[in-house]
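Hi,

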Amino acid sequence: DTCHSPNECVARVARVYHYGCDGTKDHGWGCVYRNAQTILSSLSFEPPRVETMASSVLGLPVTADGCPGHSSGSLWIEPRDCGAYLSTHYDIASRNLLWARTSAAESRMQRSSRKDYPPSHVFSDDEGLPQLIHHLLKHIEEERVPVIMDDGLYSYCVAGFRGTAASPQQLLVLDPHQTDASMVSQWVSPKWMAQSPLWMALLPAGSRRAML
């Protein structure tokens with residue numbers, strides 16, 4: 001990692017996993033699982049295959065070709081599900097944060113709701129988004145591990161920033177929806193996050209230890 005640089009902080013990233021990178025046909029449903037693989041590899045684990053994780057989380061017979069009789073949408077999971085998986089199988093603790101611009105934006109949440117998040121972990125309105133971003137970047141700075149972001153439709157990892165955690169100029173986004181490995185990593189303006197009305201975030205610990 002390069003978090004000792006005064007102008008740039010990048011977490012440990014061993015490999016960025018993305019749609020179809022290992023032969024699994026997870027296009028349209030595997031983004032959170034791919035982010036989980038990226039997190040695990042960053043922590044020096046050998047990640048399980050997407051279908052193995054999906055079968056464990058959902059209790060369905062998921063294969064490399066999907067799950068017969070189930071739509072791709074039924075295989076989606078959210079960051080909270082990923083956090084539970086990391087805790088159960090790898091003893092990795094996480095924090096879950098939520099930002100919603102309006103209460104209507106919360107309809108994007110398919111497997112959880114606001115009540116599943118501690119009040120201190122929930123941010124609202126346009127003023128709450130910079131607070132969420134600050135929490136994410138301080139976590140990357142301190143734990144040296146990427147965080148998972150999910151707007152209810154698409155999920156990404158944020159793995160670094162340029163500037164400071166309090167005043168970032170750019171964010172390093174890892175995009176699992178890409179099929180070209182050369183396209184999975186890109187620097188974007190923090191304003192990129194304002195394009196979505198909701199973000200669910202998972203902040204995994206950088207080692208096997210408890211998090212507050």
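Let me start with the inside of this predicted model: the largest cavity holds about 30 Å³ of space. With the cut-off set at 30 Å³ or more, the count comes to 1 cavity. Its lining is made up of V32, Y33, A36, M53, V57, I77, C82 and Y85. Two or more of these residues come from each of α1, α2 (50-58) and α3 (79-90), and α1 gives the most, with 3 residues.

The largest pocket is another place to look. About 210 Å³ of space lies in it, and 19 residues line it, of which W76, I77, Q110, G152 and L153 are the closest to its centre. Here the lining is made up of 9 nonpolar, 6 polar and 4 charged residues. If you have both sites on screen, you will find I77 in the lining of the cavity and also among the residues closest to the centre of the pocket.

Next, have a look at strand β8 (residues 198-204). Because 7 of its 7 residues are buried, this strand is largely enclosed by the rest of the structure. In a regular strand, side chains alternate between the two faces of the sheet. For β8, both faces are covered: L198, M200, L202 and P204 are buried on one side, and W199, A201 and L203 are buried on the other.

What does β8 pair with? Strand β2 (residues 94-100) runs antiparallel to β8 and is joined to it by 7 bridges; in that pairing, S94 stands opposite P204. Strand β4 (residues 147-150) also pairs with β8 in the antiparallel sense, over 3 bridges, and there I148 has L202 as its bridge partner.

Is T24 buried or exposed? Its relative accessibility is 0%, so T24 counts as buried. The T24 side chain makes a polar contact with the side chain of E51, at 2.7 Å. Leaving aside residues up to four places away in sequence, T24 touches R34, R49, V50, E51 and A64.

Best wishes

Conventions:
Residues are numbered from 1 along each chain as its sequence is written. This is a predicted model: local features need pLDDT of at least 70, side-chain atom pairs count only at pLDDT 80 or more; totals for chains, interfaces and linings use all residues. Side-chain values use heavy atoms; hydrogens and water are left out. Buried means under 20% relative accessible area, exposed over 50%, partly exposed in between (1.4 Å probe, protein chains only). A polar contact is a pair of N or O atoms within 3.5 Å; within protein, one must be able to donate a hydrogen and the other to accept it, and residues adjacent in sequence count only if both atoms are side-chain atoms. Contact means heavy atoms within 4.5 Å. On a 1 Å grid over the protein atoms alone, a cavity is a set of points where a 1.4 Å probe fits but cannot get out, and a pocket is an open set with protein on both sides within 12 Å along at least five of seven lines; lining residues have an atom within 4 Å of a point. Grid points are joined across faces, edges and corners, and a volume is the space filled by probe spheres set on the points. Ala, Val, Leu, Ile, Met, Phe, Trp, Tyr, Cys and Pro count as nonpolar, Asp, Glu, Lys and Arg as charged, and the others, Gly among them, as polar. Helices (H or I, at least four residues) and strands (E, at least two) are DSSP runs, numbered from the N terminus. Two strands pair if DSSP finds at least two bridges between them.
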